[in-house]
Amino acid sequence: MINSVIRRIKKSDKIGYLMSLPYLISFALFIAFPLGFSFILIFHKWNIITPMRWVGLKNFYRLFHDVEFLRAIYNTLIFLVIHIPLQIVFALLIAVLLNQKIKLRGFFRAVYFMPVIVSGVVITILWQQLYSYETGLLNLMLTSIGLPRIPWINDPSWAMPSIAIMATWKNVGLYIVLFLVGLQNIPAYLYESAELDGASAWQKFRYITVPALNSTMVLVVILSTIGGFSLFIEPFVMTGGGPMNSTLSAMLYIYNQAFYFGHMGYAATLGFFFAFIIFVVVLIQKRIVENK
Amino acid sequence: MVKKIVGIIVGILVILMAMGCGRRDSAQQQRSVEKKELTYWCATNPQEVKLARELVDEWNRIHKDVPVKLQTLPASQSSEEALLAAIAGNTTPDICSNMWPGAMDEFISAGGLVRLDTFPDFWPYILERVSEDQLKTFQARDGGHYQIPWKTNPIMVFYNKRIFKKAGVKAPLETYSQFLDAAEKIVRDFDGDGQADYWMLYRDIKPIWWQRLFDYYPFYICASGGKTLFKGDKIDFDNDASVKVFQFFRTMYQKGYMPVAQFQGDQFLAGRLAAQISGPWLVAYIQKFAPEGFEYGIMPIPRPDDYKGPIYTYGDPKNISIFKTTKYPRQAWKFAQWLISRHADLRLLEICDQIPIRKNLLNDSTFAAYFKKKPQMTVFARQAPFTRGVDGVADLKEIFNAISQEYEASVIYGRRTAREAVKRAVKRVKVIREWNRQ
């Protein structure tokens, strides 16, 4: 009896291993191997066609003297500073509105989520048309009410905020869903007792909704930070990193180093360094938000 | 159950492997019965394809033992990228005639090219065509020759005669002052609608590295009396000539003689630009697409006011190389000789309006009829000996990118002075070079 049970477990183990084999193989091929290989690349100069050349720590020497990479990190941080608050404020407000019993609620929820599932390239091309200085819809609207045109993506000071606005529009739907889930988990009796105590709508929002959404907030901040750090498609398609490198994101710079200039080793070094920065920033953020 | 699943998977794998091997075997068999053949890649523009098609057909009529198969360079952002991808994938042709000297260092380091001076008849054949001095500019760092100098496209200034005349400007404009004075006269509101009718010059404002080959670089070569960015392995553009070029273009933008905008369509042919920086290929383009009555002239790159000496410019050379993957190097070399023969050079002029790198081009009777028919091309032929290519250093693309970034900041957006921008570009190039040094 016991033997047959053991045999069955062993048998099911084998099936389990077999079933997880596709994942293990893909993990080894597409995650573990590239990670290990790019770690080796850190100490080499390699452009795919020439043999790998050992350069020791020279890639780090370059990294710490590379003003363009510093600029790219600075740009990425600027993007985050604009993008995260915008994302949270809009997502929270719209989620609160969509949590009310309003007509066409399902329709609005779907509409807000739609940009999330549309291709980033398509959206970026569309927004490029909207931002056009001469013929863009936004500037046509501004001029029609007597306001001057804005050089949305043609001026170094405007370009990154313009990209942040577009990225917020694209991603806000995802965070609306997260906030909606959080809102629906808040017990109704909390609001009812607050109402009995004569709390205003703002007080209910400030003292019940916001604290109850703390864990969702942590998740949203971390997800949008990581998403913000991986800013790539928008500047790649829309501005190419310009004007004057004002929209050059760290990811775009790493991509350029690897695939435009063929510096695989240096790009790997930048990649690891940047991953470390993301890790530290997210850790700090998590501490700050949780302590609040 | 488990055994069954494993058995099925192994069975499928064995069948797939057997099918793969079978396919490879049959492909190898097919190849072995194929006749000897050379693959030749040419540039993708219609004129060069036409030239290549004609030369290949003529070759194939005579050399039936080793015929040549013509292919255009695979589509990519640049021909260098396509060639690098081909080297990486071991799918290079036997011979290619669109080799940019700036990318040669990578191709040579990858061991992708045949060293041509190992052919016994290399020197007599090549020196009959190209001067030793000019040949030296294409020599690799290891002292070898991996490219046959083929054609040069001296970068010069085309100008619209009608606009010049209307503004009372006389060509050629030789110095920066003359150019700026002319721009002041040209960029004006002639028809009284409150807007300037013409721009003096236009350049794409995106800081793409190769854009600098058509503004900063030819102007720098001119201002420095024929210098390139490096002297041997040392940075050589940290000088007044660079600053003057940056300052010249900066003034052009600051005074509104050049627009900070991106135009669609050809504004030069549309009669909105007074001048255009380009190479001889523009002659054929103008002849094909210019509206009736469009009159143009060609003048050398303007020089700083205090410069004295011959006027140099960038030559935008394209050369011929043989790839290591070739099974028939000797035959490929013979075909390369055919591509640079006197007859082929004449057809290069006639079909493409591009200048072959050949000694005494204007005195050679073979080409006399062509230059008589197209006198504007003599300007380029005369300029051809006074051209410079690019340095055969590693990471040249990134070096031009560093210059481009500073050019954009200083010249287009006026955020830093010309001297400051040059200094920063040099500093960045130093980091790139230092990093690259073993």
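**Entry 1: two domains of chain A**

I looked up the contacts in chain A and found that 5 residues of domain 1 touch 5 residues of domain 2. I note that the model is predicted. I checked the bounds: domain 1 of chain A covers 1–42, and domain 2 of chain A covers 66–123 + 160–291. I then took the centres of the two domains over C-alpha atoms and got a separation of 34 Å.

**Entry 2: what lies between them**

I wanted a figure for the interface. The size of an interface is often given as the accessible area lost when the parts come together. Which three residues of domain 1 supply more of its buried area than any other three? I found A:Ser38, A:Leu41 and A:Ile42, which supply 83% of the area that domain 1 buries against domain 2.

I searched for salt bridges between the two domains and counted 0. I also counted 0 residue pairs in polar contact between the domains, with both residues required to be at pLDDT 80 or more. By class, I listed 4 nonpolar residues, 1 polar residue and no charged residues on the side of domain 1 that touches domain 2.

**Entry 3: a sheet in chain B**

I moved to chain B and traced an open sheet of 6 strands with mixed pairing, in the order β2-β1-β3-β11-β4-β12. I marked β2 (68–72) and β12 (355–356) of chain B as the edge strands, since each pairs on one side only. I followed β12 of chain B to its partner β4 (residues 148–152), and the two pair in the antiparallel sense over 2 bridges. I noted B:Ile355 in β12 as the bridge partner of B:Thr152.

Note on methods. Residues are numbered from 1 along each chain as its sequence is written. Chains are lettered from A and ligands numbered from 1 in the order in which they are written. This is a predicted model: local features need pLDDT of at least 70, side-chain atom pairs count only at pLDDT 80 or more; totals for chains, interfaces and linings use all residues. Side-chain values use heavy atoms; hydrogens and water are left out. Domain bounds come from an automatic or database domain assignment. Contact means heavy atoms within 4.5 Å. Buried area is the accessible area (1.4 Å probe) that two parts lose on being put together, summed over both. A salt bridge is a side-chain nitrogen of Lys or Arg within 4 Å of a carboxyl oxygen of Asp or Glu. A polar contact is a pair of N or O atoms within 3.5 Å; within protein, one must be able to donate a hydrogen and the other to accept it, and residues adjacent in sequence count only if both atoms are side-chain atoms. Ala, Val, Leu, Ile, Met, Phe, Trp, Tyr, Cys and Pro count as nonpolar, Asp, Glu, Lys and Arg as charged, and the others, Gly among them, as polar. Two strands pair if DSSP finds at least two bridges between them. Helices (H or I, at least four residues) and strands (E, at least two) are DSSP runs, numbered from the N terminus.
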